[in-house]
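Keep the picture open while you read.

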Amino acid sequence: MSTLFSGIELSLRALLAQQYAIDVTNHNVANASTPGYSRQGVIMVPAMPWPPISMHPPGVRGQFGSGVLILGVRRFTDAFLLGRLRAAQSLLSQSTVERDALREIQGALNEPGENGIAAALDAFWDAWQGLTTDPASLALRSTVREAGERLASLFNTRAGQLTQLRRDLDGQISANVERINALASQVADLNRQIVAQLGLGNQPNDLMDQRDQVINEIAELTGAFVAVQSDGSVTLSIGGHTLVAGYTAFTLQAQPDPANSNLVSVTWTDNGSAVSFREGEMRGLLESRDTTIPAQLAELDTLAAELIARVNAQHRLGYGLNNATGLDFFSGTSAATMSLSAALSDLSNIAAASAPDSPGDGSNALALAQLRTAQVMNGGTATFNEFYGAFVATIGNLVDDADAQVNDYQLLTDYLTGQQQSVSGVSLDEEAANLVKYQRAYEAAARVLTALDEMADTIINRMGLVGR
(Lines give C-alpha, C1' and ligand atoms only; values in the text may rest on other atoms or scores of the structure.)
Protein backbone atom coordinates (compact mmCIF):
# COMPACT_ATOMS: atom_id res chain seq x y z
CA MET A 1 0.00 0.00 0.00
CA SER A 2 1.01 3.57 -0.50
CA THR A 3 2.64 5.20 2.50
CA LEU A 4 3.72 8.67 3.47
CA PHE A 5 7.32 7.81 2.91
CA SER A 6 6.69 6.28 -0.51
CA GLY A 7 5.14 9.61 -1.43
CA ILE A 8 8.31 11.37 -0.33
CA GLU A 9 10.34 8.98 -2.52
CA LEU A 10 8.02 9.72 -5.46
CA SER A 11 8.49 13.47 -4.97
CA LEU A 12 12.25 13.03 -4.76
CA ARG A 13 12.24 11.23 -8.11
CA ALA A 14 10.29 14.09 -9.62
CA LEU A 15 12.73 16.65 -8.23
CA LEU A 16 15.76 14.77 -9.55
CA ALA A 17 14.17 14.20 -12.96
CA GLN A 18 13.28 17.87 -13.43
CA GLN A 19 16.72 18.92 -12.20
CA TYR A 20 18.30 16.58 -14.77
CA ALA A 21 16.09 18.04 -17.49
CA ILE A 22 17.15 21.56 -16.48
CA ASP A 23 20.81 20.53 -16.66
CA VAL A 24 20.33 19.13 -20.18
CA THR A 25 18.55 22.33 -21.21
CA ASN A 26 21.45 24.39 -19.87
CA HIS A 27 23.83 22.16 -21.85
CA ASN A 28 21.83 22.88 -25.02
CA VAL A 29 21.89 26.62 -24.41
CA ALA A 30 25.62 26.61 -23.68
CA ASN A 31 26.29 24.84 -27.01
CA ALA A 32 23.80 26.74 -29.15
CA SER A 33 26.67 28.15 -31.24
CA THR A 34 28.98 25.13 -31.06
CA PRO A 35 29.64 23.77 -34.58
CA GLY A 36 28.33 20.24 -35.01
CA TYR A 37 26.43 20.13 -31.72
CA SER A 38 23.16 18.19 -31.80
CA ARG A 39 20.32 19.19 -29.54
CA GLN A 40 19.65 16.81 -26.65
CA GLY A 41 16.53 16.01 -24.68
CA VAL A 42 15.70 13.98 -21.59
CA ILE A 43 13.59 10.87 -22.12
CA MET A 44 11.15 10.57 -19.18
CA VAL A 45 8.86 7.59 -18.65
CA PRO A 46 6.53 6.60 -15.79
CA ALA A 47 8.17 4.36 -13.23
CA MET A 48 6.89 0.82 -12.83
CA PRO A 49 3.51 0.94 -11.08
CA TRP A 50 2.71 -1.49 -8.31
CA PRO A 51 -0.54 -3.11 -7.19
CA PRO A 52 -1.84 -2.92 -3.63
CA ILE A 53 -0.72 -5.86 -1.51
CA SER A 54 -3.63 -7.48 0.36
CA MET A 55 -5.07 -10.86 1.18
CA HIS A 56 -8.48 -9.55 0.24
CA PRO A 57 -9.65 -7.59 -2.78
CA PRO A 58 -8.43 -4.05 -2.27
CA GLY A 59 -10.81 -1.27 -1.75
CA VAL A 60 -9.19 0.65 -4.60
CA ARG A 61 -8.81 -1.14 -7.89
CA GLY A 62 -5.83 -0.66 -10.23
CA GLN A 63 -2.16 0.08 -9.63
CA PHE A 64 -0.37 2.87 -7.86
CA GLY A 65 2.08 5.01 -9.84
CA SER A 66 5.59 5.31 -8.49
CA GLY A 67 6.74 8.50 -10.18
CA VAL A 68 9.04 9.22 -13.11
CA LEU A 69 12.23 7.66 -14.41
CA ILE A 70 14.94 9.01 -16.72
CA LEU A 71 15.60 6.46 -19.46
CA GLY A 72 18.35 8.48 -21.03
CA VAL A 73 19.26 11.58 -22.98
CA ARG A 74 18.19 11.60 -26.60
CA ARG A 75 20.39 13.06 -29.33
CA PHE A 76 18.28 14.70 -32.01
CA THR A 77 19.72 13.71 -35.38
CA ASP A 78 18.58 12.22 -38.70
CA ALA A 79 21.09 9.76 -40.17
CA PHE A 80 19.50 9.80 -43.63
CA LEU A 81 19.45 13.60 -43.78
CA LEU A 82 23.02 13.76 -42.48
CA GLY A 83 24.13 11.36 -45.22
CA ARG A 84 22.53 13.50 -47.93
CA LEU A 85 24.15 16.60 -46.48
CA ARG A 86 27.58 14.97 -46.48
CA ALA A 87 27.15 13.94 -50.11
CA ALA A 88 26.13 17.47 -51.08
CA GLN A 89 29.04 19.01 -49.19
CA SER A 90 31.42 16.57 -50.87
CA LEU A 91 30.20 17.58 -54.33
CA LEU A 92 30.30 21.24 -53.35
CA SER A 93 33.93 20.93 -52.24
CA GLN A 94 34.87 19.15 -55.47
CA SER A 95 33.14 21.66 -57.74
CA THR A 96 34.57 24.60 -55.78
CA VAL A 97 38.13 23.33 -56.22
CA GLU A 98 37.57 22.77 -59.93
CA ARG A 99 35.97 26.22 -60.31
CA ASP A 100 38.84 27.89 -58.50
CA ALA A 101 41.40 26.12 -60.70
CA LEU A 102 39.61 27.32 -63.84
CA ARG A 103 39.54 30.84 -62.47
CA GLU A 104 43.29 30.62 -61.86
CA ILE A 105 43.78 29.54 -65.48
CA GLN A 106 41.59 32.37 -66.70
CA GLY A 107 43.50 34.85 -64.55
CA ALA A 108 46.84 33.55 -65.82
CA LEU A 109 45.80 34.15 -69.44
CA ASN A 110 44.91 37.76 -68.59
CA GLU A 111 42.57 38.11 -71.56
CA PRO A 112 41.47 40.46 -72.89
CA GLY A 113 44.24 42.83 -71.91
CA GLU A 114 47.22 44.78 -73.11
CA ASN A 115 49.54 42.19 -71.59
CA GLY A 116 47.83 39.18 -73.12
CA ILE A 117 48.98 36.84 -75.86
CA ALA A 118 46.25 38.10 -78.20
CA ALA A 119 47.64 41.63 -78.04
CA ALA A 120 51.19 40.30 -78.43
CA LEU A 121 50.17 38.34 -81.54
CA ASP A 122 48.65 41.47 -83.07
CA ALA A 123 51.80 43.43 -82.23
CA PHE A 124 53.95 40.70 -83.81
CA TRP A 125 52.01 40.73 -87.10
CA ASP A 126 51.96 44.55 -87.08
CA ALA A 127 55.74 44.62 -86.64
CA TRP A 128 56.25 42.47 -89.75
CA GLN A 129 53.77 44.62 -91.63
CA GLY A 130 55.66 47.73 -90.57
CA LEU A 131 58.97 46.25 -91.73
CA THR A 132 57.62 46.01 -95.29
CA THR A 133 57.64 49.80 -95.54
CA ASP A 134 61.42 50.05 -95.01
CA PRO A 135 63.06 46.59 -94.91
CA ALA A 136 66.55 48.02 -94.35
CA SER A 137 65.54 50.01 -91.25
CA LEU A 138 67.33 48.72 -88.16
CA ALA A 139 64.71 50.42 -85.99
CA LEU A 140 61.88 48.49 -87.66
CA ARG A 141 63.92 45.29 -87.48
CA SER A 142 64.44 45.92 -83.78
CA THR A 143 60.65 46.30 -83.40
CA VAL A 144 60.15 42.90 -85.05
CA ARG A 145 62.70 41.29 -82.76
CA GLU A 146 61.21 42.89 -79.65
CA ALA A 147 57.70 41.82 -80.69
CA GLY A 148 58.97 38.26 -81.14
CA GLU A 149 60.71 38.33 -77.78
CA ARG A 150 57.59 39.69 -76.13
CA LEU A 151 55.40 37.01 -77.69
CA ALA A 152 57.76 34.18 -76.72
CA SER A 153 58.07 35.58 -73.19
CA LEU A 154 54.28 35.65 -72.76
CA PHE A 155 53.99 32.04 -73.93
CA ASN A 156 56.71 31.12 -71.42
CA THR A 157 55.01 33.02 -68.64
CA ARG A 158 51.57 31.52 -69.26
CA ALA A 159 52.99 28.00 -69.45
CA GLY A 160 54.99 28.65 -66.30
CA GLN A 161 51.91 29.92 -64.45
CA LEU A 162 49.88 26.87 -65.40
CA THR A 163 52.74 24.56 -64.43
CA GLN A 164 53.08 26.34 -61.11
CA LEU A 165 49.35 26.00 -60.55
CA ARG A 166 49.75 22.23 -60.98
CA ARG A 167 52.51 22.27 -58.36
CA ASP A 168 50.37 24.31 -55.99
CA LEU A 169 47.51 21.82 -56.34
CA ASP A 170 50.02 19.02 -55.85
CA GLY A 171 51.11 20.57 -52.57
CA GLN A 172 47.49 20.81 -51.46
CA ILE A 173 46.99 17.14 -52.31
CA SER A 174 49.96 16.15 -50.14
CA ALA A 175 48.70 18.30 -47.27
CA ASN A 176 45.23 16.78 -47.57
CA VAL A 177 46.66 13.25 -47.40
CA GLU A 178 48.23 14.07 -44.03
CA ARG A 179 44.98 15.65 -42.88
CA ILE A 180 42.92 12.62 -43.94
CA ASN A 181 45.25 10.29 -42.04
CA ALA A 182 44.97 12.41 -38.91
CA LEU A 183 41.18 12.56 -39.16
CA ALA A 184 40.93 8.81 -39.71
CA SER A 185 42.93 8.23 -36.52
CA GLN A 186 40.54 10.53 -34.65
CA VAL A 187 37.53 8.54 -35.88
CA ALA A 188 39.13 5.27 -34.79
CA ASP A 189 39.87 6.72 -31.34
CA LEU A 190 36.34 8.11 -30.99
CA ASN A 191 34.98 4.72 -32.03
CA ARG A 192 36.88 3.20 -29.13
CA GLN A 193 35.53 5.72 -26.63
CA ILE A 194 31.95 5.52 -27.87
CA VAL A 195 31.81 1.73 -27.88
CA ALA A 196 33.24 1.68 -24.35
CA GLN A 197 30.63 4.13 -23.07
CA LEU A 198 27.78 2.31 -24.77
CA GLY A 199 29.03 -0.91 -23.20
CA LEU A 200 28.67 0.74 -19.78
CA GLY A 201 25.10 1.72 -20.57
CA ASN A 202 25.90 5.39 -21.11
CA GLN A 203 24.81 7.56 -24.02
CA PRO A 204 27.93 9.41 -25.32
CA ASN A 205 26.06 12.07 -27.29
CA ASP A 206 28.84 14.66 -27.24
CA LEU A 207 31.41 12.10 -28.42
CA MET A 208 29.08 11.16 -31.27
CA ASP A 209 28.81 14.83 -32.24
CA GLN A 210 32.59 15.09 -32.30
CA ARG A 211 32.83 11.99 -34.46
CA ASP A 212 30.22 13.31 -36.87
CA GLN A 213 32.18 16.55 -37.23
CA VAL A 214 35.34 14.63 -38.10
CA ILE A 215 33.45 12.39 -40.52
CA ASN A 216 31.94 15.44 -42.20
CA GLU A 217 35.41 16.79 -42.90
CA ILE A 218 36.60 13.44 -44.22
CA ALA A 219 33.53 13.28 -46.48
CA GLU A 220 34.21 16.77 -47.83
CA LEU A 221 37.78 15.77 -48.62
CA THR A 222 37.21 12.29 -49.97
CA GLY A 223 33.53 11.54 -50.48
CA ALA A 224 33.92 8.64 -48.03
CA PHE A 225 31.06 6.20 -47.49
CA VAL A 226 29.88 5.88 -43.87
CA ALA A 227 28.28 2.81 -42.29
CA VAL A 228 27.18 2.61 -38.64
CA GLN A 229 27.83 -0.75 -36.98
CA SER A 230 25.70 -2.53 -34.40
CA ASP A 231 28.18 -1.80 -31.59
CA GLY A 232 27.97 1.95 -32.22
CA SER A 233 31.23 2.28 -34.16
CA VAL A 234 31.37 3.51 -37.74
CA THR A 235 33.17 2.16 -40.79
CA LEU A 236 34.51 4.53 -43.43
CA SER A 237 35.55 3.55 -46.94
CA ILE A 238 36.95 5.39 -49.96
CA GLY A 239 36.42 3.90 -53.39
CA GLY A 240 35.69 0.48 -51.93
CA HIS A 241 38.77 0.40 -49.68
CA THR A 242 38.33 0.67 -45.91
CA LEU A 243 39.66 3.81 -44.29
CA VAL A 244 38.41 3.15 -40.74
CA ALA A 245 37.11 -0.12 -39.33
CA GLY A 246 36.36 -0.19 -35.62
CA TYR A 247 39.48 0.96 -33.80
CA THR A 248 41.78 0.63 -36.82
CA ALA A 249 42.59 3.43 -39.26
CA PHE A 250 44.21 2.65 -42.60
CA THR A 251 46.51 5.32 -43.99
CA LEU A 252 47.15 6.97 -47.33
CA GLN A 253 50.51 8.03 -48.71
CA ALA A 254 51.58 10.61 -51.28
CA GLN A 255 54.64 9.63 -53.31
CA PRO A 256 56.30 11.34 -56.31
CA ASP A 257 55.27 9.79 -59.61
CA PRO A 258 58.04 9.93 -62.25
CA ALA A 259 55.44 9.24 -64.93
CA ASN A 260 53.59 12.42 -63.98
CA SER A 261 56.36 15.05 -63.73
CA ASN A 262 57.17 13.81 -60.20
CA LEU A 263 53.83 15.06 -58.95
CA VAL A 264 52.49 12.90 -56.16
CA SER A 265 50.23 9.91 -56.59
CA VAL A 266 47.97 8.95 -53.68
CA THR A 267 48.04 5.27 -52.73
CA TRP A 268 47.03 3.05 -49.84
CA THR A 269 49.88 2.26 -47.47
CA ASP A 270 48.73 -1.32 -46.86
CA ASN A 271 48.72 -2.54 -50.47
CA GLY A 272 50.12 0.28 -52.60
CA SER A 273 47.03 0.52 -54.80
CA ALA A 274 45.85 3.90 -56.06
CA VAL A 275 43.14 5.61 -54.01
CA SER A 276 39.95 6.07 -56.01
CA PHE A 277 38.37 9.35 -54.97
CA ARG A 278 34.91 9.36 -56.51
CA GLU A 279 34.06 12.84 -55.29
CA GLY A 280 35.14 15.43 -52.75
CA GLU A 281 37.94 17.98 -52.63
CA MET A 282 40.61 15.39 -53.43
CA ARG A 283 38.78 14.38 -56.61
CA GLY A 284 38.57 18.02 -57.63
CA LEU A 285 42.26 18.62 -56.94
CA LEU A 286 43.35 15.55 -58.90
CA GLU A 287 41.02 16.32 -61.81
CA SER A 288 42.26 19.91 -61.98
CA ARG A 289 45.92 18.93 -61.66
CA ASP A 290 45.96 15.95 -64.02
CA THR A 291 43.19 16.72 -66.52
CA THR A 292 42.01 20.32 -66.65
CA ILE A 293 45.35 22.14 -66.51
CA PRO A 294 47.23 19.70 -68.81
CA ALA A 295 44.41 20.08 -71.36
CA GLN A 296 44.81 23.86 -71.36
CA LEU A 297 48.59 23.55 -71.51
CA ALA A 298 48.22 21.25 -74.49
CA GLU A 299 46.11 23.86 -76.31
CA LEU A 300 48.69 26.53 -75.56
CA ASP A 301 51.47 24.22 -76.74
CA THR A 302 49.56 23.46 -79.94
CA LEU A 303 49.33 27.16 -80.71
CA ALA A 304 52.97 27.81 -79.83
CA ALA A 305 54.28 24.82 -81.80
CA GLU A 306 52.32 25.70 -84.93
CA LEU A 307 53.31 29.34 -84.66
CA ILE A 308 56.98 28.43 -84.29
CA ALA A 309 56.82 26.01 -87.24
CA ARG A 310 54.98 28.37 -89.63
CA VAL A 311 57.05 31.45 -88.83
CA ASN A 312 60.31 29.50 -89.02
CA ALA A 313 59.32 27.85 -92.31
CA GLN A 314 58.59 31.20 -93.92
CA HIS A 315 61.59 32.93 -92.35
CA ARG A 316 63.96 30.27 -93.68
CA LEU A 317 62.82 31.10 -97.20
CA GLY A 318 63.93 34.73 -96.90
CA TYR A 319 67.21 36.63 -96.90
CA GLY A 320 68.69 39.08 -94.44
CA LEU A 321 70.56 42.29 -95.12
CA ASN A 322 73.74 40.21 -95.05
CA ASN A 323 72.15 37.63 -97.39
CA ALA A 324 71.81 35.15 -94.49
CA THR A 325 69.15 32.59 -95.28
CA GLY A 326 67.75 29.34 -93.92
CA LEU A 327 67.66 30.77 -90.38
CA ASP A 328 64.91 30.13 -87.82
CA PHE A 329 63.15 33.05 -86.19
CA PHE A 330 62.06 31.10 -83.09
CA SER A 331 63.57 28.18 -81.22
CA GLY A 332 61.78 25.63 -79.07
CA THR A 333 58.78 23.41 -79.65
CA SER A 334 56.26 24.40 -76.96
CA ALA A 335 54.92 27.33 -75.02
CA ALA A 336 57.40 26.69 -72.21
CA THR A 337 60.46 26.36 -74.48
CA MET A 338 59.62 29.01 -77.05
CA SER A 339 62.28 31.67 -77.44
CA LEU A 340 63.91 33.91 -80.04
CA SER A 341 66.57 32.30 -82.19
CA ALA A 342 70.11 33.17 -81.14
CA ALA A 343 70.85 34.19 -84.74
CA LEU A 344 68.59 37.21 -84.33
CA SER A 345 71.02 38.86 -81.97
CA ASP A 346 72.21 40.33 -85.29
CA LEU A 347 69.34 42.36 -86.73
CA SER A 348 70.75 41.85 -90.24
CA ASN A 349 69.74 38.19 -90.03
CA ILE A 350 66.03 39.02 -89.99
CA ALA A 351 64.93 37.72 -93.40
CA ALA A 352 62.68 40.43 -94.83
CA ALA A 353 63.65 39.90 -98.50
CA SER A 354 62.77 37.05 -100.83
CA ALA A 355 66.06 37.28 -102.75
CA PRO A 356 69.71 37.98 -101.89
CA ASP A 357 71.22 41.43 -102.32
CA SER A 358 67.78 43.04 -102.03
CA PRO A 359 67.89 45.39 -99.04
CA GLY A 360 64.75 47.17 -100.19
CA ASP A 361 62.74 44.00 -100.70
CA GLY A 362 60.14 43.36 -97.99
CA SER A 363 58.18 40.60 -99.71
CA ASN A 364 59.17 37.91 -97.20
CA ALA A 365 58.28 40.25 -94.34
CA LEU A 366 54.91 40.69 -96.04
CA ALA A 367 54.50 36.92 -96.31
CA LEU A 368 55.22 36.63 -92.58
CA ALA A 369 52.73 39.42 -91.84
CA GLN A 370 50.12 37.60 -93.91
CA LEU A 371 50.36 34.60 -91.57
CA ARG A 372 47.97 36.65 -89.45
CA THR A 373 45.13 35.66 -91.78
CA ALA A 374 46.39 32.21 -92.78
CA GLN A 375 43.95 29.46 -91.74
CA VAL A 376 46.45 26.95 -90.46
CA MET A 377 44.88 25.93 -87.13
CA ASN A 378 42.14 23.37 -86.42
CA GLY A 379 42.78 21.52 -89.64
CA GLY A 380 42.93 24.68 -91.74
CA THR A 381 39.74 26.28 -90.43
CA ALA A 382 41.11 28.98 -88.10
CA THR A 383 43.89 31.54 -87.92
CA PHE A 384 46.32 31.80 -85.01
CA ASN A 385 44.31 34.64 -83.50
CA GLU A 386 41.00 32.85 -84.02
CA PHE A 387 42.35 29.67 -82.44
CA TYR A 388 43.61 31.57 -79.43
CA GLY A 389 40.37 33.55 -79.15
CA ALA A 390 38.35 30.33 -79.16
CA PHE A 391 40.72 28.90 -76.55
CA VAL A 392 40.16 31.90 -74.26
CA ALA A 393 36.40 31.78 -74.87
CA THR A 394 36.32 28.09 -73.96
CA ILE A 395 38.01 28.84 -70.66
CA GLY A 396 35.45 31.55 -70.01
CA ASN A 397 32.59 29.15 -70.76
CA LEU A 398 34.11 26.52 -68.47
CA VAL A 399 34.35 29.09 -65.67
CA ASP A 400 30.71 30.10 -66.19
CA ASP A 401 29.59 26.47 -66.13
CA ALA A 402 31.67 25.83 -63.01
CA ASP A 403 30.18 28.91 -61.31
CA ALA A 404 26.68 27.65 -62.08
CA GLN A 405 27.51 24.18 -60.75
CA VAL A 406 28.97 25.57 -57.54
CA ASN A 407 25.90 27.74 -57.10
CA ASP A 408 23.60 24.73 -57.58
CA TYR A 409 25.49 22.63 -55.04
CA GLN A 410 25.62 25.58 -52.64
CA LEU A 411 21.84 25.97 -52.82
CA LEU A 412 21.39 22.24 -52.21
CA THR A 413 23.84 22.29 -49.31
CA ASP A 414 22.17 25.33 -47.76
CA TYR A 415 18.76 23.67 -48.05
CA LEU A 416 19.93 20.41 -46.49
CA THR A 417 21.80 22.33 -43.78
CA GLY A 418 18.57 24.11 -42.93
CA GLN A 419 16.72 20.80 -42.80
CA GLN A 420 19.40 19.28 -40.62
CA GLN A 421 19.39 22.28 -38.30
CA SER A 422 15.63 22.00 -37.94
CA VAL A 423 16.25 18.55 -36.45
CA SER A 424 19.55 18.97 -34.62
CA GLY A 425 19.93 22.69 -34.11
CA VAL A 426 19.29 24.42 -30.79
CA SER A 427 16.41 26.90 -30.68
CA LEU A 428 16.96 29.30 -27.81
CA ASP A 429 13.24 30.15 -27.74
CA GLU A 430 12.34 26.49 -27.42
CA GLU A 431 14.97 25.93 -24.76
CA ALA A 432 13.69 28.93 -22.81
CA ALA A 433 10.17 27.46 -22.89
CA ASN A 434 11.51 24.08 -21.79
CA LEU A 435 13.42 25.71 -18.96
CA VAL A 436 10.26 27.36 -17.67
CA LYS A 437 8.36 24.06 -17.98
CA TYR A 438 10.98 22.08 -16.07
CA GLN A 439 11.36 24.83 -13.48
CA ARG A 440 7.62 24.86 -12.79
CA ALA A 441 7.56 21.07 -12.59
CA TYR A 442 10.44 21.20 -10.13
CA GLU A 443 8.63 23.79 -8.04
CA ALA A 444 5.44 21.68 -8.06
CA ALA A 445 7.38 18.60 -6.95
CA ALA A 446 8.98 20.66 -4.20
CA ARG A 447 5.53 21.87 -3.11
CA VAL A 448 4.32 18.26 -2.90
CA LEU A 449 7.40 17.34 -0.88
CA THR A 450 6.69 20.25 1.46
CA ALA A 451 3.11 19.05 1.95
CA LEU A 452 4.34 15.53 2.70
CA ASP A 453 6.84 16.97 5.17
CA GLU A 454 4.04 18.83 6.97
CA MET A 455 2.02 15.63 7.09
CA ALA A 456 4.99 13.78 8.56
CA ASP A 457 5.44 16.56 11.12
CA THR A 458 1.82 16.21 12.14
CA ILE A 459 2.11 12.47 12.55
CA ILE A 460 5.43 12.50 14.35
CA ASN A 461 5.23 15.58 16.51
CA ARG A 462 1.52 16.18 17.10
CA MET A 463 0.03 12.74 17.40
CA GLY A 464 0.25 10.76 20.65
CA LEU A 465 0.05 13.84 22.95
CA VAL A 466 -3.23 12.85 24.65
CA GLY A 467 -3.19 13.02 28.46
CA ARG A 468 -0.55 15.65 28.85
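N216 has a relative accessible area of 13%, and that is under 20%, so this residue counts as buried. Keep in mind that we're looking at a predicted model. N216 sits in helix α5, which covers residues 205-222. What does N216 touch, once residues up to four places away in sequence are left out? The answer is L82 and R86.

Now for a pair of helices. Two packed helices are described by the angle between their axes and the distance between the axes. Here, helix α6 (residues 281-316) packs with helix α8 (residues 384-424) at about 175°, and the axes are 11 Å apart. An angle over 145° counts as roughly antiparallel, so that's the label for α6 and α8. On the α6 side, the contact is made by Q296, E299, L300, T302, L303, E306, L307 and R310. On the α8 side, you'll find F384, F387, Y388, F391, I395 and L398. Sort the residues of this contact by class and you get nine nonpolar, two polar and three charged.

The model has eight aromatic pairs, and two of them are set out here.

| Pair | Centre to centre | Angle between planes | Type |
|---|---|---|---|
| W125 and F384 | 5.9 Å | 25° | stacked |
| Y388 and F391 | 5.9 Å | 45° | tilted |

Why is the W125 and F384 pair called stacked? The planes of the two rings are at 25°, and anything under 30° gets that name, so stacked it is. This pair links distant parts of the chain: W125 belongs to helix α3 (residues 117-131) and F384 to helix α8, 259 residues apart. Both W125 and F384 are buried.

Y388 and F391 are both in α8, three residues apart, which is about one turn of the helix. Are these two buried or exposed? Y388 has a relative accessible area of 2%, so it is buried. F391 comes in at 5%, so F391 is buried too.

Rings can also join up into a group. Ring pairs link F124, W125, W128, F329, F330 and F384 into a cluster, and the stacked W125 and F384 are among its members.

The charged end of R39 sits over it, 3.9 Å from the ring's centre.

Conventions
Residues numbered from 1 in each chain as written. Predicted model: local features only at pLDDT ≥ 70, side-chain atom pairs only at ≥ 80, totals over all residues. Heavy atoms only, no water. Axes fitted to C-alpha atoms, helices over the stretch in contact; angles between N-to-C directions. Helix = DSSP H or I, 4+ residues; strand = E, 2+ residues; numbered from the N terminus. Parallel < 35°, antiparallel > 145°, perpendicular 65-115°, else oblique. Contact = heavy atoms within 4.5 Å. Nonpolar A, V, L, I, M, F, W, Y, C, P; charged D, E, K, R; others polar. Phe/Tyr/Trp six-rings, centres within 6.5 Å; stacked < 30°, edge-to-face > 60°. Buried < 20%, exposed > 50% of the residue type's maximum accessible area, 1.4 Å probe, protein only. Lys NZ or Arg CZ within 6 Å of the ring centre and 35° of its normal.
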